[in-house]
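I opened this notebook to keep track of what I looked up in the model, entry by entry.

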Amino acid sequence: TLGEKGTSHLRRPMTRRQLKATRRKELMACAKLVHLAPVHILNLPDGGVAAKRRIFSKRSLKLAKKFFPDAILTFGPDGLTGHNDHITCWHVGRQLAKSLRCPLYLFTVPPKIRTKAAGWFIARRVNPHYQLRIAPYKRASVRVPLPPGLKKKIIRQHPSQMDGKSTYRGFPAYAIKEFTSAEYFAHSR
């Protein structure tokens with residue numbers, strides 16, 4: 001999705017069409033920053049991916065067969081934040097990895113904050129697209145270090161999702177350091 005329902009951090013009102021266009025520009029700016037191309041957007045409805053799961057699976061498989069991925073990276077059953085769209089990504093990612101017979105890696109939280117992260121994410125919620133509880137985070141087995149400052153630069157590419165407050169509002173300094181120094185994945189067997 002492009003996050004067209006995510007209006008809670010907007011500094012000025014926008015229509016869904018305007019927000020979708022804004023979020024597309026932000027995504028492309030981020031992709032350019034990290035030299036990621038091509039970018040494929042499946043145009044699924046924000047907050048409604050579960051209802052389009054069959055279409056999501058079909059489009060993802062078609063795209064994957066075109067590129068022959070070495071692995072599938074997706075959210076885990078926690079959706080990281082408990083967001084329903086992210087949890088649906090986990091279901092589709094599992095199915096995709098099985099169909100393609102390739103490894104599956106689940107995006108997860110840093111080990112040092114694994115037991116507390118769910119509480120911090122739950123406290124930040126502002127819309128109804130979330131599960132009441134977050135499934136336990138998978139234990140990280142892969143750490144991908146990030147160049148200093150890169151994650152902050154990436155996040156700054158999404159001003160429509162920032163309300164002028166700290167990006168990691170509600171997280172202690174040590175957790176922010178963990179989030180910005182590396183990405184973590186759990187290998188799913």
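**Entry: strand pairing.** I began with strand 3 (residues 142-145) and strand 4, which run antiparallel and are joined by four bridges; I count two strands as paired if DSSP finds at least two bridges between them. Within this pairing, arginine 143 stands opposite tyrosine 184 in strand 4. Strand 4 also pairs with strand 2 (residues 104-108), again in the antiparallel sense, over five bridges, and there I noted histidine 187 of strand 4 as the bridge partner of tyrosine 105. The element names follow DSSP runs, helices being H or I of at least four residues and strands E of at least two, numbered from the N terminus.

**Entry: basis of the values.** The model is a predicted one, so I kept in mind that local features need pLDDT of at least 70 and side-chain atom pairs count only at pLDDT 80 or more, whereas totals for chains, interfaces and linings use all residues. Residues are numbered from 1 along each chain as its sequence is written, and side-chain values use heavy atoms, with hydrogens and water left out.

Entry: I asked how many of the seven residues of strand 4 are buried. The count is five, and the strand is mostly covered; buried here means under 20% relative accessible area, exposed over 50%, and partly exposed in between (1.4 Å probe, protein chains only). In helix 7 (residues 173-181) I listed Ala175, Ile176, Glu178, Phe179 and Thr180 as buried. The cover over these buried residues includes helix 5 (117-123), helix 6 (150-156) and strand 4 (182-188).

**Entry: nonpolar cores.** A nonpolar core is taken as a set of buried Ala, Val, Leu, Ile, Met, Phe, Trp, Tyr and Cys residues joined through side-chain atoms within 4.5 Å. The largest core has 17 residues, of which Val109, Ile113, Ala117, Phe121, Tyr137, Phe171 and Phe179 touch the most other members. Helix 5 and helix 7 are the elements that give two or more residues to this core, and the largest share, four residues, comes from helix 5. Alanine 117, once its neighbours within four places in sequence are left aside, is in contact with Val109 and Tyr137, contact meaning heavy atoms within 4.5 Å. Another core, of eight residues, lies apart from this one and has Ile72, Leu96, Ala97 and Leu106 among its members.

**Entry: salt bridges.** Which salt bridges does a search of the whole structure find? It finds three, a salt bridge being a side-chain nitrogen of Lys or Arg within 4 Å of a carboxyl oxygen of Asp or Glu.

- Arginine 23 and glutamate 26 meet at 3.9 Å, N to O; both lie in helix 1, three residues apart, about one turn of the helix. Arginine 23 is buried, at 6% relative accessible area, and glutamate 26 is likewise buried, at 6%.
- Glutamate 178 and lysine 112 meet at 3.7 Å, N to O. Because glutamate 178 lies in helix 7 and lysine 112 in the loop between strand 2 and helix 5, the pair ties together parts that are 66 residues apart in sequence. Glutamate 178 is buried at 12%, whereas lysine 112 is exposed at 64%.
- Lysine 151 and glutamate 183 meet at 3.1 Å, N to O. The former lies in helix 6 and the latter in strand 4, so this pair ties together parts that are 32 residues apart in sequence. Lysine 151 is buried at 11%, and glutamate 183 is buried at 18%.

Entry: In the loop between helix 1 (16-33) and helix 2 (53-67) I found valine 34, proline 38 and asparagine 43. A cis peptide bond joins alanine 37 and proline 38, with omega about -5°. Asparagine 43, although not a glycine, has a positive phi of about 55°, and its relative accessible area of 43% makes it partly exposed. Phenylalanine 68, in the loop between helix 2 and strand 1 (72-75), also has a positive phi, near 50°, in a residue other than glycine; it counts as exposed at 67% relative accessibility.
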